[in-house]
Amino acid sequence: LKHHHRHYHPNIQRWMLFVDGENFTIRAQDIAKEKGLELIQGDYYEPDVYVWPSLMLQVEIIIDGLLKKAPIRSYYYTSVVGDDNRVNEIKNRLWRIGFHPEVFKKIKGRKSKGVDITLTKDVLSHAFLNNYDLAVLLAGDADYLPLINEIKRIGKLVYLVFHEDAIVDENLIRAADLYEGISIHRFELSNQKGILKKDKLPSKKKI
């Protein structure tokens, strides 16, 4: 990971993870293509819908032991083309890998409005209700700048995480209390045939 430390908070106990999965997946696909890597469809990857490093549990998203406890809750926001059955299928798959899923229908070729709006609503509502001390936001869109500033105004901390090879708005990075860049190689398989495991789900409790 690439580190851009501003404020280090080693004693944080209560934190939540909010993932803009739609954007995270699109950028992962672009970066993999640029680097000649292959994303393998499976439990942790559905093309154009979601991706998550199968070896990276939610608690490992901040390295060097900055956060000692697992998140109170992990949210994953994305969208999919299809009917209600397709939406429920994706929700179930995300739930099985440890997320509280927020999945929206979308028209092919368009980005869903529901992802950004719902993510913002959830981050703010949990902050106002004092449900966490730290929000870990996995996103790179400059549109989240007002959200980060509002979270800080409420008195909460914000850590920003995204692909280190993606272009992340500098204002977004400076606004966050800490920024971490995830290398695409965190996804790689030892056989170099792909960057996500296609195997059975691990036995672990949902976070």
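**Entry 1: strand β2**

I looked up Asp 20 and found it opposite Tyr 77 in β5. This is a predicted model, in which local features need pLDDT of at least 70 and side-chain atom pairs count only at pLDDT 80 or more, while totals for chains, interfaces and linings use all residues. Residues are numbered from 1 along each chain as its sequence is written, and side-chain values use heavy atoms, with hydrogens and water left out.

I noted what a strand is here: a DSSP run of E with at least two residues, whereas a helix is a run of H or I with at least four, and both are numbered from the N terminus. Strand β5 covers residues 74–80, and four bridges join it to β2 in a parallel run. Two strands pair if DSSP finds at least two bridges between them.

Which strand pairs with β2 over five bridges? I found β7 (residues 134–138), again in the parallel sense. Leu 17 stands opposite Val 136 of β7.

Next I checked burial. Buried means under 20% relative accessible area, exposed means over 50%, and partly exposed lies in between (1.4 Å probe, protein chains only). Six of the six residues of β2 (residues 15–20) are buried, so the strand is largely enclosed by the rest of the structure. In a regular strand the side chains alternate between the two faces of the sheet. On one side of β2 I listed Trp 15, Leu 17 and Val 19. On the other I listed Met 16, Phe 18 and Asp 20. Both faces are covered.

I moved on to β9 (residues 178–182). Five of its five residues are buried, so β9 too is largely enclosed by the rest of the structure. Leu 178, Glu 180 and Ile 182 point one way, and Tyr 179 and Gly 181 point the other way.

β9 pairs with β8 in the parallel sense, over five bridges. In this pair, Phe 162 stands opposite Gly 181.

**Entry 2: the core**

Which residues touch the most other members of the largest nonpolar core? I found Phe 18, Trp 52, Tyr 76 and Leu 160, in a core of 58 residues. Strand β8 (residues 157–163) gives the most to this core, with six residues. A nonpolar core is a set of buried Ala, Val, Leu, Ile, Met, Phe, Trp, Tyr and Cys residues joined through side-chain atoms within 4.5 Å. In soluble globular proteins, nonpolar side chains tend to be buried together.

**Entry 3: helices α3 and α4**

I looked at how two helices sit together. The axes of α3 (residues 113–128) and α4 (residues 145–154) come within 10 Å and cross at roughly 5 degrees. That makes α3 roughly parallel to α4. The cut-offs for the angle are under 35 degrees for roughly parallel, over 145 for roughly antiparallel, 65 to 115 for roughly perpendicular, and oblique for the rest. Axes are lines fitted to C-alpha atoms, for helices over the stretch in contact, and angles run from 0 to 180 degrees between N-to-C directions.

Which residues of α4 make the contact? They are Leu 147, Glu 150, Ile 151 and Ile 154. From α3 come Leu 119, Thr 120, Val 123, Leu 124, Ala 127 and Phe 128. Contact means heavy atoms within 4.5 Å. I sorted the contact residues into eight nonpolar, one polar and one charged. For this sorting, Ala, Val, Leu, Ile, Met, Phe, Trp, Tyr, Cys and Pro count as nonpolar, Asp, Glu, Lys and Arg as charged, and the others, Gly among them, as polar.

**Entry 4: single residues**

Is Gln 29 buried or exposed? Gln 29 is buried, at 17% relative accessible area. It is found in helix α1 (residues 21–34). Not counting residues up to four places away in sequence, Gln 29 touches Leu 39, Tyr 45, Pro 47 and Asp 48.

I followed Asp 48 to the loop between β3 (45–46) and β4 (50–51). Asp 48 is partly exposed, at 47%. Its phi is positive, about 65 degrees, although Asp 48 is not a glycine.

Asn 130 also has a positive phi, near 60 degrees. I found Asn 130 in the loop between α3 and β7.

**Entry 5: the whole protein**

I counted five helices and nine strands. Buried residues make up 49% of the 207 residues.
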